[in-house]
Amino acid sequence: YFTTRSDIALQLIASPDQETSLSGNLNMPVHTNRSRKYSLRELVSVGKQANRLGVDVFHAPHYTLPYGLRPRSVVTIHDLIHLRFPEYFSVAQRTYARLLISHACNAADAVIVDAEFTKADLLSSFNIPSEKIHVIPLGVASLFVPAESAIELKSDLASMGVTGPYILYSGGLKPHKNVATLLRAFSQLRTRGSARLVISGENFWDQTELATLARDLGITESILNVPADQQRLLRLYQGATAVVVPSRYEGFGLPILEAMACGTPVIGARAASIPEVMGEGGLMFDPLRPEELTDRMEMMFDDGGLRLAQRAYGLQNAARFSWELCGARTMEVYRAVVGGDRVDQSPIDRSTLSPGGLNRRDF
């Protein structure tokens with residue numbers, strides 16, 4: 001969105017490992033910062049670098065908002081996983097996250113979150129004015145579309161070792177992702193003889209507890225662990241009978257929209273931001289009750305009419321989210337912090353998304 005506007009001069013500060021890819025894909029200045037990530041030096045040096053660049057607005061897309069910033073600042077906080085799942089992190093990591101999130105909430109002129117759920121989560125944990133938090137949903141990449149050729153799709157899936165009907169899970173394997181519930185639910189499928197569970201992302205078999213559970217449930221032969229780049233993931237989405245998002249905690253949940261944009265039904269946990277992203281017509285289940293998930297998967301395998309209805313609903317729901325809309329909303333926040341105006345948080349009229357409204361500035 002921002003790269004297509006003529007009224008913004010966008011500049012990026014990036015680590016050395018990110019500089020090459022960003023410089024090659026974006027026509028804008030990329031400034032290197034060699035500080036170690038999450039270090040005190042980073043928090044100070046990035047602030048000094050932004051000050052030297054003379055920007056009007058500094059946007060930190062993570063909770064690590066630098067100290068000593070002179071320009072107006074915006075921070076995006078995607079979730080509070082450090083607070084909600086402390087068992088994943090050391091005492092130092094948890095303390096660092098809480099301090100930095102608190103600093104970001106207090107020092108930034110505006111805070112952006114991806115979902116109303118995360119806004120409520122922030123308000124319950126930090127002393128921050130509600131009007132300072134702006135809910136701006138993420139978008140779905142234009143890559144994710146329904147398959148044009150069933151023959152080509154089947155061939156591409158076969159090249160990955162995927163044949164026959166399957167349920168797809170795409171994501172991480174930490175405990176809050178609730179994959180154990182998915183394994184238990186899948187093991188109870190009456191139609192499991194021909195169905196497969198495809199897991200894309202991390203190496204499933206390296207996860208001792210999950211691999212042991214799969215063996216105890218007798219489903220190891222039914223699980224396919226497929227590493228996938230974006231193009232292969234597209235094919236996995238397009239060919240799945242359904243995509244399951246069983247997580248107990250998500251700040252947003254991009255796989256929901258990616259699958260829906262491909263015309264694939266989604267079964268999501270009734271937890272955190274997932275219902276918000278799935279919409280009222282989504283097919284959901286209690287994340288603590290694997291039998292409910294089993295029932296939803298059975299319905300998807302058995303009921304062609306339901307699959308068609310969920311396909312149509314999903315395509316319509318995914319169309320509510322776009323990076324253009326996300327960019328336009330973010331632009332409203334920039335405009336407000338520079339000019340001191342109130343941000344309009346009502347739905348955006350898509351006819352107003354043409355460039356304009358700001359003088360040329362640096363961000």
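The model is a predicted one. V145 is placed in the loop between strand 7 (133–135) and helix 6 (150–159). Leaving aside residues up to four places away in sequence, V145 touches L234, Q238, A261 and C262. The C-alpha atom of V145 is 11 Å from that of Q231, although 86 residues separate the two along the chain.

The structure also contains eight aromatic pairs. Two of them are set out here.

| Pair | Centre-to-centre distance | Angle between planes | Geometry |
|---|---|---|---|
| F117 and Y249 | 5.7 Å | 70° | edge-to-face |
| F252 and F321 | 6.0 Å | 80° | edge-to-face |

F117 belongs to helix 5 (residues 116–125) and Y249 to the loop between strand 11 (242–245) and helix 10 (254–261), so this pair ties together parts that lie 132 residues apart in sequence. F117 is partly exposed, at 24% relative accessibility, whereas Y249 is buried, with a relative accessible area of 7%. F117 and Y249 also belong to one aromatic cluster, together with F85, Y88 and F89.

The pair of F252 and F321 likewise links distant parts of the chain, 69 residues apart. F252 is in the loop between strand 11 and helix 10, and F321 is in the loop between helix 13 (304–318) and helix 14 (323–339). Both F252 and F321 are buried.

Terms used: Residues are numbered from 1 along each chain as its sequence is written. This is a predicted model: local features need pLDDT of at least 70, side-chain atom pairs count only at pLDDT 80 or more; totals for chains, interfaces and linings use all residues. Side-chain values use heavy atoms; hydrogens and water are left out. Helices (H or I, at least four residues) and strands (E, at least two) are DSSP runs, numbered from the N terminus. Contact means heavy atoms within 4.5 Å. Rings of Phe, Tyr and Trp (its six-membered ring) pair if their centres lie within 6.5 Å; planes under 30 degrees apart count as stacked, over 60 as edge-to-face and the rest as tilted. Buried means under 20% relative accessible area, exposed over 50%, partly exposed in between (1.4 Å probe, protein chains only).
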